Amino acid sequence: MVDVTKWPIFSLMGPQELASIRKACVFGSSANEAIYITNDDEVFVFGLNCSNCLGTGDSLSTIVPKKLDFLSGRKVVSLSYGSGPHILLATEDGELFAWGHNGYSQLGNGTTNQGVAPVLVSANLLNKKVTEVACGSHHSMALTDTGEVYAWGYNNCGQVGSGSTANQPTPRRVSSCLQNKVAVSIVCGQTSSLAVVDNGEVYGWGYNGNGQLGLGNNGNQVTPCRLVGLQGLCVQQIVSGYAHSMALTDEGLLYAWGANTYGQLGTGNKSNQLSPVQILTEKERIVEIAACHSTHTSAAKTQSGQVYMWGQCRGQSIVLPHLTHFACTDDVFACFATPSVMWRLLSVEHDDFLTVAQSLKKEFDNPETADLKFCVDGKYIYVHKAVLKIRCEHFRSMFQSHWNEDIKEVIEIDQFSYPVYRSFLEFLYTDNVELPPEDAIGLLDLATSYCENRLKRLCQHIIKRGITVENAFSLLSAAVRYDAEAYSLLLRMQ
């Protein structure tokens, strides 16, 4: 579980309040504002309240979290913040709310009045379902469930993608070469915009003075342009820093381009790159990348869970990816970014990278993902047929020869007790057994029946290690009842 108290502002909260947090975001020019969503979908804010960015209806700072009643019960799916700051929030129902700084109409309501409280953004978005939001410095973007991209706000460099540099007071669909494309992801730099479409192509528009659009030049673009430097690659994730960008492909390859004053490209030098260059080439597959428009910091996580950081890290310029002790990219921004904001809406219940073994252990006895259940002593144990077939020859043979998967969904077990059979199934998921020696005798009998030799040795070890003067008689009695091999083992140990 991610620890939100790594961000200093959350150290103001007590244990009970912290335990209620499900999602959170720290933002602001000094990381002095925070918003969080509780387990029962209540939205709270606290902090400095620059430009009314807390949405509390007034301009007062607050060290005590305040609830935004207007958003109560709405499930938040996406949130982003600008430099003003201004806030965009999308709900599970596809509604889009905005508040905070509005000097450039980045709230999309047609005015430049500050947004002191959350307001529904409806102009040109009626009957549209917003699934993702992104904020630049003073411009905004929204992605709909049909793959349409809308943008509005400050447009001095073409970051709204409208074909001009006039500010856009209300959401406007970004068309041009995106007209017949289905976008699947959007991000913003300070004054630039990027989108990934469903075939893995990347398009960019807006400010390009440092090459952050990756087009091979440094000319601004007022309409979307395809990044030909990524041609032939299928991009799955994009992120933007203050003036640099990164892309992660479906093969786990990482590319970076744009500004490099602090080494944020990870190329080993501080030279800007006008086109994408591959980095971390000697490392294993990359599974996640991180950056945000408020910082010059970059991070990445590998398939085995290693987290690297580079760029501006607590004032230092790290020009090559540095291996950290962190478990997630979020911690990089908590401890080393300036300011120590969050690069995304953080899910506190989000599982950090899990190995295959950890994932299997997590899914044991999970009714939501299981496709088979055992009934033992009237209790159910939920499992996955594929795991059992892979891990146990007994089940592989049974499923292939005597099992009609479409008819029978429950297997009744009569000859073994619930704790014994549960421990057996759990062993197939975890390679581990934690049982008192009395139950280990029953498990030894089961392991013998199913020809699971490694489990037999493990049970024998548990019995040997657990026998005492006090329980010797009860173990012998259990051995007589369960298993001749266990009885012989115990007699040898007397």
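Reader: Is cysteine 177 buried, exposed or partly exposed?
Author: In this predicted model, cysteine 177 counts as partly exposed, because its relative accessibility is 33%.

Reader: And how many disulfides does the structure hold?
Author: The structure holds zero disulfides.

Reader: What about cysteine 328, where is its nearest cysteine sulfur?
Author: For cysteine 328 the nearest cysteine sulfur belongs to cysteine 335, at a distance of 9.2 Å, and cysteine 328 is in no disulfide.

Reader: Is cysteine 328 buried or exposed?
Author: Cysteine 328 is buried, as its relative accessible area comes to 3%.

Reader: Switching topic, which strand has glycine 47 in it?
Author: Glycine 47 is found in strand 3, which covers residues 43-47, and with a relative accessible area of 11% this glycine is buried.

Reader: Leaving aside neighbours within four places in sequence, what is glycine 47 in contact with?
Author: With those neighbours left aside, glycine 47 is in contact with Ile9, Asn32, Glu33, Leu54, Ser61 and Thr62. As for isoleucine 9, the separation from glycine 47 is 38 residues in sequence, while the C-alpha to C-alpha distance is 7.8 Å.

Reader: Now strand 19, how many of its residues are buried?
Author: Strand 19, residues 254-258, is mostly covered, with five of its five residues buried.

Reader: Which residues point which way from strand 19?
Author: Leu254, Ala256 and Gly258 point one way, whereas Tyr255 and Trp257 point the other way, and all of them are buried.

Reader: In what sense do strand 18 and strand 19 pair, and over how many bridges?
Author: Strand 18, residues 244-249, pairs with strand 19 in the antiparallel sense over five bridges, and histidine 244 has glycine 258 as its bridge partner in strand 19.

Reader: How many residues lie between strand 18 and strand 19 in the hairpin?
Author: Four residues lie between the two strands of that hairpin, and in the turn glycine 252 has a positive phi of about 80 degrees.

Reader: How many bridges join strand 19 to strand 20?
Author: Strand 20, residues 273-279, runs antiparallel to strand 19 and is joined to it by four bridges; the bridge partner of leucine 254 in strand 20 is isoleucine 279.

Key. Residues numbered from 1 in each chain as written. Predicted model: local features only at pLDDT ≥ 70, side-chain atom pairs only at ≥ 80, totals over all residues. Heavy atoms only, no water. Disulfide = S-S within 2.5 Å. Buried < 20%, exposed > 50% of the residue type's maximum accessible area, 1.4 Å probe, protein only. Contact = heavy atoms within 4.5 Å. Pairing = 2+ DSSP bridges.
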